[in-house]
Amino acid sequence: MFRLLLFLLLLPAPLMALEDSGYAAFDYASRWGTVTFTHLEHQKRVGNCMVCHHQGVEMGGCGNCHGVIQGLPQRKDVLHKKCITCHWKVRGPTECAGCHDPERLDERVYDD
Ligand code: HEC
Ligand code: HEC
Ligand code: HEC
Ligand code: HEC
């Protein structure tokens, strides 16, 4: 009985999560070259959305708080921290060129 209840409680969560799962992949422009983040691949690898969306997926992108709310670390810094800390553990890329492609420079990053 308890198991059935647990099952029913857990069921809606993944369904809701799939409603808006964000981009399949996206590019971050940067002075060190574009970073392509394979969001969908990472969702499959990591499983739990909250590992990255630590305040909940419904709170939106990291830049909704980091770089906006005073006292919080900048988006670039928390992304580095989050991405690289996990990569140390799982042997994902940790060298600059493992994420940044120096061949792909978007000149607009120099505008600011
Ligand atoms: C695991 C992937 C990853 C690795 C490894 C990595 N970066 Fe990044 N880097 C990113 C991401 C993601 C951003 C976020 C860009 C943003 O916020 O728009 C970023 C942003 C930056 C930025 C800020 C953007 C800019 O144009 O000012 C700099 C500078 C930077 N990285 C330098 C480096 C250097 C130097 C190394 C190696 C020591 C490195 N990164 C390693 C993923 C990575
Ligand atoms: C490995 C880290 C990671 C995992 C795991 C992950 N995401 Fe993301 N997600 C990101 C990053 C990084 C962004 C871009 C946020 C930014 O740049 O501000 C993003 C963006 C999004 C966005 C767009 C937010 C917006 O308003 O811009 C949605 C929706 C989203 N993710 C849903 C999900 C769901 C649902 C899951 C779990 C099935 C998930 N994500 C798992 C890292 C992750
Ligand atoms: C709703 C606001 C909000 C959103 C959205 C958000 N964060 Fe945060 N973040 C916080 C707050 C508040 C803290 C400080 C308290 C804590 O650690 O939870 C924090 C802390 C962190 C830290 C620890 C920083 C440190 O140096 O100890 C990391 C890493 C981080 N966030 C990464 C992310 C990433 C990556 C995303 C996007 C996928 C994200 N955050 C989205 C509010 C947010
Ligand atoms: C919780 C763990 C985790 C987090 C957080 C994470 N990654 Fe990964 N990442 C992985 C794993 C696992 C792999 C696959 C490693 C392998 O098998 O070679 C990977 C591989 C990659 C690769 C290699 C190309 C690919 O997609 O296979 C890139 C680039 C990458 N990650 C970028 C990022 C960026 C940028 C972030 C932060 C926005 C990030 N990752 C956050 C676990 C993570």
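How many residues lie between S1 and S2 in the hairpin, and which residue in the turn has a positive phi? I looked this up first: S1 and S2 form a hairpin with 5 residues between them, and Gly33 in the turn has a positive phi of about 105°.

**Entry 1. Conventions.** I note that this is a predicted model, in which local features need pLDDT of at least 70 and side-chain atom pairs count only at pLDDT 80 or more, while totals for chains, interfaces and linings use all residues. Residues are numbered from 1 along each chain as its sequence is written, and chains are lettered from A and ligands numbered from 1 in the order in which they are written.

**Entry 2. Confidence.** I checked pLDDT, the predictor's confidence in each residue from 0 to 100. The protein chain has a mean pLDDT of 85, and 80% of its residues reach 70 or more.

**Entry 3. Overall fold.** I counted 5 helices and 3 strands in the protein chain. These are DSSP runs numbered from the N terminus, with helices (H or I) of at least four residues and strands (E) of at least two. Along the sequence the pattern reads α-α-β-β-α-α-α-β. Of the 112 residues, 2% count as buried, that is, with 20 or more other C-beta atoms within 10 Å of their own; 12 or fewer makes a residue exposed, anything in between partly exposed, with C-beta atoms placed from the backbone. Among contacts between residues at least 6 apart in sequence, 38% join residues at least 24 apart.

**Entry 4. The sheet.** I traced an open sheet of 3 strands in the order S1-S2-S3, with antiparallel pairing. S1 and S3 are the edge strands, each pairing on one side only. Strands S1 (residues 26-28) and S2 (residues 34-37) are joined by 3 bridges, whereas S2 and S3 pair over 2 bridges; pairing requires at least two DSSP bridges. Tyr28 has Val35 in S2 as its bridge partner, and Val35 in turn is the bridge partner of His100 in S3. I also found Phe26 opposite Phe37 in S2.

**Entry 5. Arg104.** I located Arg104 in the segment after strand S3 (100-101). Why is Arg104 partly exposed? Arg104 is partly exposed because 13 other C-beta atoms lie within 10 Å. Leaving aside neighbours within four places in sequence, Arg104 is in contact with Gly33 and Thr34. Arg104 and Arg31 are 73 residues apart in sequence and 9.6 Å apart in space, C-alpha to C-alpha.

**Entry 6. Ligand shells.** I listed 20 residues around ligand 1, of which Ser30, Arg31, Cys83, Cys96 and Cys99 come nearest; a residue is near if its C-beta atom, placed from the backbone, lies within 6 Å. Helix H4 (75-90) and helix H5 (96-99) are the elements giving two or more residues to this shell, and H4 gives the most, with 7 residues. By class, the shell around ligand 1 has 10 nonpolar, 6 polar and 4 charged residues. Around ligand 3 I found 16 residues, with Gln55, Met59, Cys62, Cys65 and Val78 coming nearest. The ligand 3 shell has 8 nonpolar, 6 polar and 2 charged residues. Here Ala, Val, Leu, Ile, Met, Phe, Trp, Tyr, Cys and Pro count as nonpolar, Asp, Glu, Lys and Arg as charged, and the others, Gly among them, as polar.

How values were computed
Contact = placed C-beta atoms within 7 Å.
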